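Here are my notes on this one, in the order I'd go through it on screen. Have it open while you read.

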Amino acid sequence: MGDRPLPFALPDIGEEEIAAVATALRSGWVSSGPLVSEFERRFAACCGENVTAVAVHSATAGLHLALEALGVGPGTEVLVPTWTFTAAAEVVVHLGADPVFVDVDPVTLCLDIEAAAAAVTPRTVAVLPVHFAGRVMAGAPLRAFAEAHGLAVVEDAAHAFPAASAGTPVGGGDSAATVFSFYATKPITTGEGGMLVTRDPRIAARARTMRLHGFDRDAFARYRSERPAWQYDIVAAGFKYNLTDPAAALGLVQLRRAGSMRRRRESIAEFYRGAFAELPIDLPAPVPAGDVHAWHIFDVRLRPDAPVDRDGFVAELSRLGIVCSLHFTPLHTLTYWRTRYALTDAGFPVASREFARVVSLPIYSAMTDDHVDLVVRAVSKVLQ
Ligand SMILES: *Cc1c(COP(=O)(O)O)cnc(C)c1O
């Protein structure tokens with residue numbers, strides 16, 4: 001065992017990424033320029049036909065822009081699974097609307113559609129499902145639910161690239177918008193970054209405008225246009241959410257490597273599945289045939305017959321040099337959401353119960369076979 005602990009996550013950045021960023025820096029375009037446009041085009045092509053991609057500096061920004069473009073505002077409600085990151089709920093609040101928290105499915109830990117249906121009110125306008133861990137929530141039941149209640153769907157695909165359900169890549173379905181994260185720990189990274197993809201030209205146009213202050217055209221378009229660059233108009237009070245060219249340069253290389261990085265994570269997941277089969281833990285549910293799981297997170301759940309509880313398991317692994325994490329601390333347990341909306345554990349029985357026994361193990365393409373072995377030996381030692 002090495003002297004330093006195995007981190008929970010590390011970006012997979014090589015010489016090619018470093019060279020691409022250096023080239024971008026030498027080009028003179030250090031804010032949003034031609035590489036952002038190229039990154040958008042290539043990313044959209046990965047999602048399917050007639051998809052427009054709008055690059056932003058985080059998934060949080062992308063979720064904010066998607067909901068803004070849909071008209072989410074004061075007096076409206078958005079359904080948000082409690083099993084997600086706080087970003088999803090915070091952008092709803094920033095728009096003056098209210099998140100309504102929903103329990104999750106015990107197997108997938110994705111939004112429970114029956115619980116979501118029970119939470120719909122006349123004020124509900126949108127639903128924000130998460131493809132938890134990189135497992136894709138099936139499109140058909142989600143679409144049927146959204147259509148029955150007249151809701152817009154904004155998919156939080158922060159974990160889910162590349163991923164697909166029944167042959168359709170995430171981002172290529174008919175949701176209003178899908179948002180990806182390129183944060184440091186996510187399946188591909190630009191340091192900080194994100195992408196909003198949509199098939200709706202009005203959402204794309206509104207997100208582009210709001211991404212950069214409400215300009216009628218962005219800096220790169222102004223630069224290329226016949227009109228002088230200083231001649232612009234402001235058509236809305238927008239945000240400063242644009243991605244930069246050096247980040248896009250990094251993203252373009254990561255995008256080319258996304259498939260092979262995912263396959264590496266998948267092979268780690270398969271190895272874990274085999275190695276942990278006899279241990280007193282529940283493993284991620286099998287992936288439906290024809291689906292592509294991004295394997296951003298490998299979550300295990302301790303059974304009652306395990307020799308340690310969740311916190312003991314995490315502490316023992318840490319002692320053996322393995323850093324674990326936890327996805328997610330349900331939003332209904334966090335002070336701000338709990339007090340603002342008077343939430344209780346009883347309102348979210350599945351998330352509350354599963355949270356007490358869930359752990360995320362390291363799974364990333366920069367792990368070596370020795371790292372994977374280290375995790376397997378440590379987990380087996382603690383649980384046997
Ligand atoms: C990471 C994450 C986000 C936020 O992504 P950023 O790019 O850091 O803004 C949103 N939702 C989920 C489920 C995430 O895991």
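1. Start with S181: an N or O atom in its side chain is 2.7 Å from an oxygen atom of the ligand, a polar contact (a pair of N or O atoms within 3.5 Å). H159 does likewise at 2.8 Å, and K186 at 3.0 Å. The protein covers 92% of the 380 Å² of accessible area that the ligand has on its own (Shrake-Rupley, 1.4 Å probe).

2. A word on the basis: this is a predicted model, where local features need pLDDT of at least 70, side-chain atom pairs count only at pLDDT 80 or more, and totals for chains, interfaces and linings use all residues. Residues are numbered from 1 along each chain as its sequence is written, and side-chain values use heavy atoms, with hydrogens and water left out.

3. Around the ligand there are 14 residues (a heavy atom within 4 Å). T60 and D156 are among the closest.

4. On to the rings: there are 17 aromatic pairs (Phe, Tyr or the six-membered ring of Trp, centres within 6.5 Å; stacked under 30 degrees between planes, edge-to-face over 60, otherwise tilted). F239 and Y241 are stacked because their planes are at 10°, with centres 5.0 Å apart. Y241 is buried at 16% relative accessibility, while F239 is partly exposed at 23% (buried is under 20%, exposed over 50%, partly exposed in between; 1.4 Å probe, protein chains only).

5. Y336 and W337 pair edge-to-face, 4.8 Å centre to centre with 80° between the planes. W337 is buried at 4%; Y336 is partly exposed at 43%.

6. F39, F43, F161, F180 and F182 make up one aromatic cluster.

Methods: Polar contact = N/O pair within 3.5 Å; in protein donor to acceptor, adjacent residues only side chain to side chain.
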